[in-house]
Amino acid sequence: MNKAFIGFLAILFLSVSDGFSQEPTRQKTINVSGLAEMEVVPDEIYVQVDLREYDKKGGSKVDIGAIKSDFLKAALSIGIKESDITVQGYEGWDGNLWWYNKNKRKNPDLKAGITYQVKVVSTDKMDELVQKLDDEATRTFFISRVSHSKLPQFKKDLKIQAVKAAREKANYLADAINEKAGEAITINEPNELNPFPQPLYANAMMKSEARMAAGGEQLPNIDFKKMKLQFEVSVTFALK
């Protein structure tokens, strides 16, 4: 065999062997977390009002129709929009007047109830509604949940801030070892650490008279504490 050809095969074999023996270069990365938070006062307060028929001192019953009418007039009179008032449920009367009237004749003591959910924008507006309620018809009054009209935008802004915070952290950590943070390799969806917390606000103090302290002094008007929103994101950057 030609010596030149044999030499060529040897060189080719060594080159191929060397290629297989080389391990792929491993990408150096840095994984960091970024946190963003803010505090807001809720401007959407959802209160639940349970109303029920009742007997007057004289013995006659105030029916559900009159109670509904008075409640809706009272809510609208203080500027609450009709679209912010919804029916949550009925008790002893599901809107079927035939069933209700039939059973009421059999049982004069039957009392119907209705539950409303009302959205107000502040505790002051909520207090105005409380002042308008019929004490006899109102069984319970409490806040079911709170939120904010700009909550979706707040969440979006916080997620962006969390990613930027992760980039800033990656930069100074990489600089500590004379490296630089390069392009992002992965970005994990931020976790909402604290969902909008829900306060407890029952009907223990429904009227201004109930807010009078033992000494006759008016208690201060306490608004909701600010609600904290937090998002944390995990980002992996390439090191260069």
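Contact here means heavy atoms within 4.5 Å. Some notes on the structure, point by point.

1. Ground rules. This is a predicted model, so local features need pLDDT of at least 70, side-chain atom pairs count only at pLDDT 80 or more, and totals for chains, interfaces and linings use all residues. Residues are numbered from 1 along each chain as its sequence is written, and side-chain values use heavy atoms, with hydrogens and water left out.

2. Ile80. Not counting residues up to four places away in sequence, Ile80 touches Ala75, Ile85, Val118, Lys119, Val120, Lys125 and Leu129. Helices (H or I, at least four residues) and strands (E, at least two) are DSSP runs, numbered from the N terminus.

3. Helix H2, geometry. The 14 residues of H2 (residues 64–77) should span 20 Å at 1.5 Å a residue, and the end C-alpha atoms are 20 Å apart, which agrees. (The expected span is 1.5 Å times one less than the number of residues.) At the start of H2, a side-chain oxygen of Asp63 comes to within 3.1 Å of the backbone nitrogen of Gly65. After H2 comes Gly79, with a positive phi near 95°.

4. Which residues of H2 are buried? They are Ile64, Ile67, Phe71, Ala74 and Ala75, where buried means under 20% relative accessible area with a 1.4 Å probe, protein chains only. They cover an arc of only 100° around the axis, which puts them on the same side of H2; the arc is that of the directions from the helix axis to the C-beta atoms. Their packing partners are S2 (44–52), S3 (54–55), S4 (61–62), S5 (85–91), S6 (113–120) and H4 (123–132).

5. Strand S10. In S10 (residues 227–239), 10 of 13 residues are buried. S10 pairs antiparallel with S1 (residues 29–40) over 12 bridges and with S8 (residues 181–187) over 4 bridges; two strands pair if DSSP finds at least two bridges between them. Glu39 has Lys228 in S10 as its bridge partner, and Thr186 stands opposite Thr236.

6. Thr236. Because its relative accessibility is 15%, Thr236 counts as buried. Its side chain makes a polar contact of 2.6 Å with that of Asn31. (A polar contact is a pair of N or O atoms within 3.5 Å; within protein, one must be able to donate a hydrogen and the other to accept it, and residues adjacent in sequence count only if both atoms are side-chain atoms.)

Methods: Buried means under 20% relative accessible area, exposed over 50%, partly exposed in between (1.4 Å probe, protein chains only).
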